[in-house]
Amino acid sequence: MSEISKVAFLGTGLMGFPMARNLSANGITLSAWNRSAEKAIGLSGFGVHVATSAAEAVKNADIIISMVSDGPTVALILDDAALQKALKPDAVWVDMSSTKPEEARAQAAHLRAFNIRHLDAPVSGGTKGAEAGSLAIMVGGAAEDFSQVQDVLAGMGRPTHVGPSGAGQLAKLANQAIVAVTIGAVAEAMLLLERGGADPAAVRAALQGGFADSVILQQHGERMTTGNFVPGGPAKFHLKDLNNGLNEAAQLGVTLPVTQHIRDRFEHLVEHMGGADTDHSGLYLELLEHGQNKP
């Protein structure tokens, strides 16, 4: 890591802000930028230079990290002529946004024209993982490029190289399918416990360490029974990931019936119940909305 003089961080929203803060706390010289400038200003109190443009942020950066909403937003940033001119040759661009595998490969191809290497490195762990620096980081791209940035990524969590370009995003889509299906199962379990008169918190404690235990059971099970749906991972983004995963499955000739079912329920929550900005554990609300489940 001694050869790295500067890191640029583009996108300082719910996830990006604490991720950038953790990098700075690890002694990394960091320049950050966000499209909504007010979301980045607070980083200045943690020793981060807050840039007024993406081009200013990436100037002289050895590693560029992007953490934005989706693939089209990454593409808009990459198409900025001023940013392209400011890129340092042979730098590594690490896109930690959740995009499609094909978008990751397109980003890599686009950046090769500017002599910039590319890794797709989406994360899992939500805002709690971002705050704690314990994110699961799934990285696709060249192994030698991963080796160069591994120590930097470790400041935000646990990076693992999972394959060639696009493989990181594919791993994230698999992760999101597992998370979504588990949220659905936990929602049904919490409803069953509540209606049956058991203490959901006591049951969650009883299940700790067993086969049914999970972060989702403990964290999101509590959210469901206390009614705390302040977004850590907004439902609209999970719906986007499920759509991307099913699109990828279709291209591979794979049918995912359970994922399709949960995706349809997320769509109902987001599109018909006004739950776009509800935490993805808010799928519990969609379960309650069914007539047979209303008190």
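Trainee: Which residues of α9 meet α10?
Mentor: M190, L193 and E194 in α9 meet P200, V203 and R204 in α10. Contact means heavy atoms within 4.5 Å. Helices (H or I, at least four residues) and strands (E, at least two) are DSSP runs, numbered from the N terminus.

Trainee: What kind of model is it, and which pLDDT limits apply?
Mentor: A predicted model: local features need pLDDT of at least 70, side-chain atom pairs count only at 80 or more, and totals for chains, interfaces and linings use all residues. Residues are numbered from 1 along each chain as its sequence is written, and side-chain values use heavy atoms, without hydrogens and water.

Trainee: Back to the helices. At what angle do the axes of α9 and α10 cross?
Mentor: Roughly 125°, and the axes come within 9 Å. That makes α9 oblique to α10. Angles under 35 degrees count as roughly parallel, over 145 as roughly antiparallel, 65 to 115 as roughly perpendicular and the rest as oblique. The axes are lines fitted to C-alpha atoms, for helices over the stretch in contact, with angles from 0 to 180 degrees between N-to-C directions.

Trainee: New topic. Is L83 buried or exposed?
Mentor: L83 is buried, at 0% relative accessible area. Buried means under 20%, exposed over 50%, partly exposed in between (1.4 Å probe, protein chains only). L83 lies in α5, residues 81–86.

Trainee: What is L83 in contact with, neighbours within four places in sequence aside?
Mentor: L10, A54, A55, V58, I77 and W93.

Trainee: What does R21 pair with?
Mentor: E131, with the closest N and O atoms 2.6 Å apart. R21 lies in α1 and E131 in α7, so the pair ties together parts 110 residues apart in sequence. R21 is buried at 19%, while E131 is partly exposed at 45%.

Trainee: And where do D277 and K236 sit?
Mentor: D277 is in the loop between α13 and α14, and K236 is in α12, 41 residues apart. Their side chains meet in a salt bridge at 2.7 Å, N to O.

Trainee: Last one. What is the phi of D90?
Mentor: Near 75°, a positive value in a residue other than glycine. D90 is in the loop between α5 and β5.

Note on methods
A salt bridge is a side-chain nitrogen of Lys or Arg within 4 Å of a carboxyl oxygen of Asp or Glu.
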